[in-house]
Amino acid sequence: NHPHRARSGGQPPSAAARSDGGGQGYQGQSDVHLYRQQRGRNPNDQLWKLERFAPRMERIVDDIKKRRHGSHFGAPGLAGWIAGIPALERKLLGSFSINVPDERLNKLAELVNPGRIVPATVEIVDIAGLVKGASKGEGLGNKFLANIRETDAIIHVLRCFDDENVTHVDGSVNPIRDKEIIDTELQIKDLESVELRLQKIQKQAAAGDKNAKVVCNLLLRYKEALLQGKSARTVALESKEEEKISQELFLLTSKPVLYVCNVDEGSAINGNKYVDMVRDAIKDENAQLLVIAAKTESEIAELDSYEDRQMFLEEIGLEESGVSKLIKSAYTLLDLQTFITAGPMEVKAWTYRKGWKAPQCAGVIHTDFEKGFIRAEVIKYDDYVELGSEAAVKEAGKLGVEGKEYVVQDGDIMHFRFNV
């Protein structure tokens, strides 16, 4: 379900033009309009909007070019404003990088006074909608499936609100139907891949190849699940060897999934009947669920200052924006964590996979750091904040010196020693 398929002519995409779970239209005068009017701006001034966002567009494009190596999240149906980036920007970019909220960086910056703060980022790829028959080339078909294949995880936005002013492409609101359309097309494509692999590997397994037997056994279990209308991620992997094989198969339905239920403002805290339907449908899927009111998020994104945004959240009874929750959920979906480097030049968050050891994390900064790794000097975040400086931590005897087997923990403040 593409969030912009209802628009016509050459008009830029807008919240009101969405036809499915991507967003809700504006009716009447919203709070964000009042905020703008208080500042002497015309809420409907399109030129002002373009002037305002032009510098951001240029900066974001530049950032994306620099960060193509990061984690990618495919997002069918993701609303253009849900990440705080206008739909026009998203249309021009196709993808966008988002900073991962981390208050630890701000706290450390107060102590270190660095030249800049560099947060971790994730990249969201806005993937065009899917129709029945895509596995056979209908609609955007193979292009959609290729885009999904290139991502590390999937954020699937489902419409979970009623609004007669926002029509659904299928004529009614049913998040389970919408979910199953995409699930079915991905499962059909995976079944084709599994059957092709089985044709090749079964002969090798019959000839006595032990590795081929393991692959064949896993493929048969995948085939059984897919034929039952279940995704590959529902199949339990029984060994490290099977985990490795599964990764090499690149099945579409084996990717981690975050289902985002797009609700009305009144359901943002406790959800609604549609959210309950989705929660029940995915209980055996090993997937995550998040509730967000995309219309509200779009209004928050248009506010100029942090103070305005916090005031807006307080007024509607939320402690944290849905966007912030979405980013954090996306970051943890792939077991990603953060270690930090802190100094006069910058306080920077570095992304690594949970369970990585010190040399691997050193390689995130530079491959030479991993090749010539000697040791890692580690300060726990709480110790740094409590004592106030690196020198004070050393004096207190709380600076850890770790070797190659040290498993880095989330929030560790690291300094690597290496020799190449």
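Me: What should I know about the model before I start?
Reply: It is predicted, so local features need pLDDT of at least 70 and side-chain atom pairs count only at pLDDT 80 or more, while totals for chains, interfaces and linings use all residues. Residues are numbered from 1 along each chain as its sequence is written, and side-chain values use heavy atoms, with hydrogens and water left out.

Me: How is a pair of aromatic rings described?
Reply: By the distance of the centres and the angle of the planes. Rings of Phe, Tyr and Trp (its six-membered ring) pair if their centres lie within 6.5 Å; planes under 30 degrees apart are stacked, over 60 edge-to-face and the rest tilted.

Me: How many aromatic pairs are there by this rule?
Reply: The count is five. One is Phe339 with Trp350, stacked because the centres are 6.3 Å apart and the planes at 10°. Phe339 also pairs with Phe416, edge-to-face, at 5.8 Å centre to centre and 85° between the planes. Phe339 lies in strand 8 and Phe416 in strand 12 (residues 413-418), so this pair ties together parts 77 residues apart in sequence. Strands are DSSP runs of E, at least two residues, and helices are runs of H or I, at least four, numbered from the N terminus.

Me: Is Arg221 buried or exposed?
Reply: Buried means under 20% relative accessible area, exposed over 50%, partly exposed in between (1.4 Å probe, protein chains only). Arg221, at 18%, counts as buried. Arg221 lies in helix 7 (residues 210-227).
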